[in-house]
Structures are given as C-alpha cells and as structure tokens.
Amino acid sequence: MKTTRRQFMIMSAAGAATLALNSKVQAQAMVSATDPQAVALGYNPDATKVDKAKFAKYAAPQACGNCALYQGAAGSAAGGCALFAGKQVSSKGWCSAYAKKA
Ligand code: SF4
C-alpha cells in the first residue's frame, strides 16, 4: 500500500494529538485530598493550610518539593511521590510522611 503525502500528514497529526492527550491525562493525575491514602497521611496540596494542631510535626518551609520522597524535577509544580504511585502531588503540598531531602 502506498501512503500519500496527505495520508502521512493526517496520520502525523493524529499521532501528535494522541501524544498531547496522553501528556494531558498524566498531568491531571493529581492526588486528591479526599483520596483514602491522602486522608490517612494528612496530605494537603497546600502546605500552608496544614492543620498544625493535628500535625504538630509540620513546620514551614516543609513541602513536597523539598521532601526526600518527591520525584518531580527541581522547581516543578507537581511530581510523583513514592507513597502515591501513578499520581502526582503538588510541590507545595505536604503530608505526615514528610522527610527532609538531604
Ligand atoms: S511523602 Fe513527601 S512528597 Fe510525598 S506527599 Fe508526603 S510530603 Fe509530599
């Protein structure tokens, strides 16, 4: 079967759209504060709103972005966490398993 230039362009556009959609879907896989594991760990996507009475361990500037378990790139807005496989946490979030990055 011979592929015409037009067919090639259409297939290329479809491939690019699929890649863009995939990256968008991955970017949307954020941990929800209502996720059962997030609730168990006291995860809050905004560390400044952590209930300090409930989590006395919390102290600014602790946040996912400077946690040893954070897997996102330095300066990223969100990234993976070893405790939430397949999802992303906000770099400004926090949970009770926080461990300062060395
Ligand atoms: S373990 Fe660290 S990176 Fe993961 S949610 Fe808790 S504070 Fe954030």
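Analyst: The chain has 2 helices and 2 strands, where helices (H or I, at least four residues) and strands (E, at least two) are DSSP runs, numbered from the N terminus. This is a predicted model, so to speak of local features takes pLDDT of at least 70, side-chain atom pairs count only at pLDDT 80 or more, and totals for chains, interfaces and linings use all residues. Residues are numbered from 1 along each chain as its sequence is written.

User: What order do the elements come in along the sequence?

Analyst: The pattern is α-α-β-β.

User: And what's the mean pLDDT?

Analyst: The chain averages 84, with 73% of its residues at 70 or more; pLDDT is the predictor's confidence in each residue, from 0 to 100. Over residues 8-25 the pLDDT is below 50, and that stretch has 1 contact beyond near neighbours in sequence. A contact here is a pair of C-beta atoms, placed from the backbone, within 7 Å.

User: OK, strands. How do S1 and S2 pair?

Analyst: Antiparallel, over 4 bridges, with S1 at residues 78-81 and S2 at residues 84-90. Pairing takes at least two bridges found by DSSP. A hairpin of 2 residues joins S1 to S2, and Ala78 has Ser90 in S2 as its bridge partner.

User: Switching to the ligand: which residues are closest?

Analyst: Cys64, Cys67, Leu69, Cys81 and Cys95 are the closest of the 13 residues that surround the ligand. Near means a C-beta atom, placed from the backbone, within 6 Å. The shell splits into 12 nonpolar, 1 polar and no charged. In this scheme Ala, Val, Leu, Ile, Met, Phe, Trp, Tyr, Cys and Pro are nonpolar, Asp, Glu, Lys and Arg are charged, and the others, Gly among them, are polar.

User: Last one: is Ala59 buried or exposed?

Analyst: Exposed, because Ala59 has 11 other C-beta atoms within 10 Å; the cut-offs on that count are 20 or more for buried, 12 or fewer for exposed, and partly exposed in between, with C-beta atoms placed from the backbone. Ala59 is in the loop between helix H2 (36-41) and S1.

Terms used. Contact = placed C-beta atoms within 7 Å.
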